[in-house]
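Please keep the sequence and the three-dimensional view at hand while reading.

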Amino acid sequence: MAVEPLNLHRRFSISSSPSYSLHSPHFPIPNLFKIPKLSKNQRTTFSVCCSSTPPPPPSSPIFLPFLQTPARKQTPKPDPEIETENNDPIVKFFKTRTSDPDPDPTREGRIPLQKNRKTSWHLASTFENTEPEPVAKTEEGISGKAETAPEVEGVVVQILKIARALPENVTLGEALESCDFGGGLGEEECVEVLRVLAEEGNVMGCMYFFEWMGLKEPCLVSPKACSVLFPALGKVGKGAELMVVLKNLPFKQNKLFKDVRVYNAAMSGLLYSGRYDDAWNVYELMETSNVKPDHVTSSIMITIMRKRGDSAKEAWEFFEKMNEKGVKWSLENVGALIKSFCDEGLKKEALIIQTELEKRDIKSNAVIYNTIMDAYSKSNQVEEAEGIFVEMKAKGVSPTSASYNILMDAYSRRMEPEIVEKLLEEMEASGLEPNVRSYTCLISAYGRQKKTSDKAADAFLRMKKAGIKPSSHSYTALIHAYSVDNWHEKAYITFENMLRDGVKPSIETYTALLDAFRRAGETEMLMKIWKMMTRDKIKGTRVTFNIILDGFAKKGQYVEARDVVCEFGKKGLNPNVMTYNMLINAYARGGQESKLPQLLKEMAALNLKPDSVTYSTMIYAFVRVRDFKRAFFYHKQMAKSGQIPDARSYQKLRAILEVKAKIKNRKDKSAIIGIVKSSMGLLKEQKKGKKDEFWKNRKNRSRTPGSAAQGSR
């Protein structure tokens with residue numbers, strides 16, 4: 001259904017498609033927002049109250065999804081034409097009210113707040129466990145009458161009950177048309193309804209409710225409502241709908257919408273949905289509208305630049321540009337900048353930026369420390385990562401669960417489960433509960449070692465006993481542990497338990513399971529698992545491709561191995577050097593060394609340069625069959641191309657070749673000396689003894705004493 005422009009100063013009208021069927025299980029996309037033209041005297045104005053909504057807890061991403069600064073209340077200047085008109089619906093509304101003898105229009109339908117309470121705008125709640133703040137105590141209004149919070153709460157709860165129990169093929173806007181909430185429904189209540197619906201994942205309900213808000217008179221759509229709706233749309237990938245709503249906001253008619261928080265919310269939602277170019281266009285629109293960016297704008301845009309592949313240098317240039325515009329250093333934008341540098345491996349530069357941040361009396365938080373620790377951990381610099389961890393605690397920054405998980409993951413990759421166990425105990429002693437990632441690191445630490453799959457299984461059971469549901473990574477780590485110990489039967493049982501528990505296998509899970517049966521040499525199960533992946537529409541990676549290929553090649557099924565190469569080539573995974581190294585190794589182990597030169601020609605045709613593993617495999621193959629001539633030839637080719645293996649492997653290879661070279665040189669030396677002596681006549685002619693019909697050579701026949709005695713008789 002086409003989406004037409006939106007003008008929030010006019011009334012909304014919902015138009016349904018004529019082809020819509022009541023029996024269809026899906027709702028049509030709400031027609032956001034088709035508006036009929038109205039005369040001037042029918043226009044209404046609306047104001048935005050900046051009372052606070054319950055802020056979500058601090059989030060773990062680099063930039064905070066909400067602002068902590070109070071928003072100043074702005075009252076739009078009344079239009080002279082509207083003031084002179086007697087047909088204004090808002091004026092009629094207040095003149096005809098008789099239920100309250102002392103009405104208070106400025107507080108109509110608002111949530112009463114505590115005195116001197118700061119307002120809080122938020123972009124999005126990033127955690128599913130966000131809980132609303134308790135409703136504040138009542139306070140007396142301007143008229144001196146106390147407004148009770150339960151009445152306001154009742155309106156929000158009533159709308160939520162309707163949204164949760166909608167009849168089939170009925171939208172939330174249609175269900176609310178017949179409801180009369182009196183004066184208890186205002187902009188703040190609408191924002192609260194949108195927030196709860198977004199947390200529950202009812203994004204379509206948010207869209208229909210937002211449309212219904214625009215149809216009300218006075219219009220209930222506010223900038224704060226947009227700041228709730230935009231991230232909710234972005235999280236479910238509805239970036240196109242977000243752009244439609246943003247472009248049709250009444251920026252010219254109502255300057256309250258020209259707020260940096262509205263643009264930040266839009267860019268945040270587009271960041272969630274992966275529409276980075278659209279987010280950049282929104283930033284340019286904000287600049288052309290003369291809206292001054294803030295530190296959240298800077299952090300969002302630096303994150304978008306990192307996501308779309310811009311370099312850390314470009315991010316730094318953008319950061320300096322924002323500083324020139326008056327955006328100060330903060331934890332949000334500096335944290336996003338440090339993340340960009342760490343992703344490119346520029347850890348020292350990231351530390352310099354952190355030092356500059358602290359020189360400005362801004363204390364680094366746990367997110368920044370975790371980002372730098374993770375960068376060192378991924379670079380296998382575990383000691384440096386632990387040094388950052390110690391510094392963090394020394395400066396009074398409490399480590400989070402992510403801090404311990406980063407260290408546990410680093411020691412897990414180094415196959416040191418004892419240290420992982422100690423970190424897990426320290427984590428529990430500090431009052432932090434281990435999560436699924438913590439136990440997964442422990443399972444993986446045991447699983448990377450041989451003959452420790454039973455300990456990995458014990459860690460898996462400890463996690464389930466603690467009430468933590470295993471994730472796909474947890475099952476994958478346990479399957480890999482069984483694979484390393486050659487327990488392919490237990491690996492498959494774990495895979496079946498995973499399916500029974502309703503956990504969807506990932507490509508890493510299938511790859512670990514394939515590796516278990518590759519080690520066991522069961523090619524039939526390899527094909528079965530591969531068909532399961534195809535059925536579940538899970539796209540294999542190059543690692544998956546190489547595992548299946550190696551499984552067939554090592555079993556001597558060269559035709560099937562070639563078919564695997566062809567099949568993956570159709571999917572865009574063309575063979576690389578590792579692929580041919582596996583084929584060369586398989587042919588060499590199977591006694592097919594005569595076909596190795598042909599494989600080298602195929603690599604040359606595909607512009608693949610042999611590496612040290614390629615040459616070493618071929619040299620060992622020819623040494624095994626005592627074809628030293630070809631072995632020395634490929635060693636010479638390896639030296640010319642500069643593809644020398646590591647020192648230990650090359651030392652072993654040279655030792656084997658030197659022994660063979662000595663034998664060959666000794667034989668060659670003896671042959672040359674014989675030729676020279678023969679040409680100079682220095683060789684003595686050997687006399688041959690007479691042979692009879694019984695003895696070929698009587699001289700060389702050995703005689704025993706017993707046989708001599710019998711001969712004398």
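Helices here are DSSP runs of H or I with at least four residues, strands are runs of E with at least two, and both are numbered from the N terminus. The peptide bond that leads from E217 to P218 is cis, with omega near 5°. The model is a predicted one, in which local features need pLDDT of at least 70 and side-chain atom pairs count only at pLDDT 80 or more, whereas totals for chains, interfaces and linings use all residues. Residues are numbered from 1 along each chain as its sequence is written, and side-chain values use heavy atoms, with hydrogens and water left out.

N380 lies in the loop between helix 15 (366-378) and helix 16 (382-394). Although N380 is not a glycine, its phi is positive, at about 65°. K451, in the loop between helix 19 (436-447) and helix 20 (453-465), likewise is not a glycine and has a positive phi of about 65°. K451 is exposed, with a relative accessible area of 76%. In this scheme, buried means under 20% relative accessible area, exposed means over 50%, and partly exposed lies in between, for a 1.4 Å probe and protein chains only.

The chain as a whole may now be considered. It has 32 helices and zero strands. Of its 713 residues, 46% are buried. Among the contacts with a separation of 6 or more, 69% are made by residues 24 or more positions apart; a contact means heavy atoms within 4.5 Å.

The aromatic rings come next. Rings of Phe, Tyr and Trp (for Trp, its six-membered ring) pair if their centres lie within 6.5 Å; planes under 30 degrees apart count as stacked, over 60 as edge-to-face and the rest as tilted. By this rule the count comes to 17 aromatic pairs. In one of them, the rings of W280 and Y283 have centres 5.8 Å apart and planes at 50°, so this pair is tilted. W280 and Y283 are three residues apart in helix 10 (residues 276-288), and about one helical turn therefore separates them. Both W280 and Y283 are buried. Another pair, Y558 and Y587, is stacked, with 4.4 Å from centre to centre and 10° between the planes. This pair links distant parts of the chain, for Y558 is in helix 26 (residues 558-570) and Y587 is in helix 27 (residues 577-589), 29 residues apart. Y558 and Y587 are buried as well. Ring pairs also join Y492, F495, Y510 and F517 into a cluster.

Some rings have a charged group over the face. This arrangement is recorded if NZ of Lys or CZ of Arg is within 6 Å of the ring centre and within 35 degrees of the ring normal. R308 lies over the face of W280, at 4.7 Å from the ring centre. K347 is placed over the face of Y376, at 5.7 Å from the ring centre. Y376 also takes part in another set of contacts: leaving aside neighbours within four places in sequence, L351 touches I372, Y376 and I388. L351 itself lies in helix 14 (residues 347-359) and counts as partly exposed, at 24% relative accessibility.

How are two packed helices described? They are described by the angle between their axes and the distance between the axes. Axes are lines fitted to C-alpha atoms, for helices over the stretch in contact, and angles run from 0 to 180 degrees between N-to-C directions. Helix 11 (residues 295-307) and helix 13 (residues 331-343) pack at an angle of about 15°, with axes 7 Å apart. Helix 11 is therefore roughly parallel to helix 13; angles under 35 degrees count as roughly parallel, over 145 as roughly antiparallel, 65 to 115 as roughly perpendicular and the rest as oblique. Residues that make this contact include H295 and R306 of helix 11 and E332 and D343 of helix 13.

The axes of helix 29 (residues 612-624) and helix 30 (residues 628-641) come within 8 Å and cross at roughly 165°. These two helices are therefore roughly antiparallel to each other. Among the residues that meet are Y615 and F622 in helix 29 and Y634 and M638 in helix 30.
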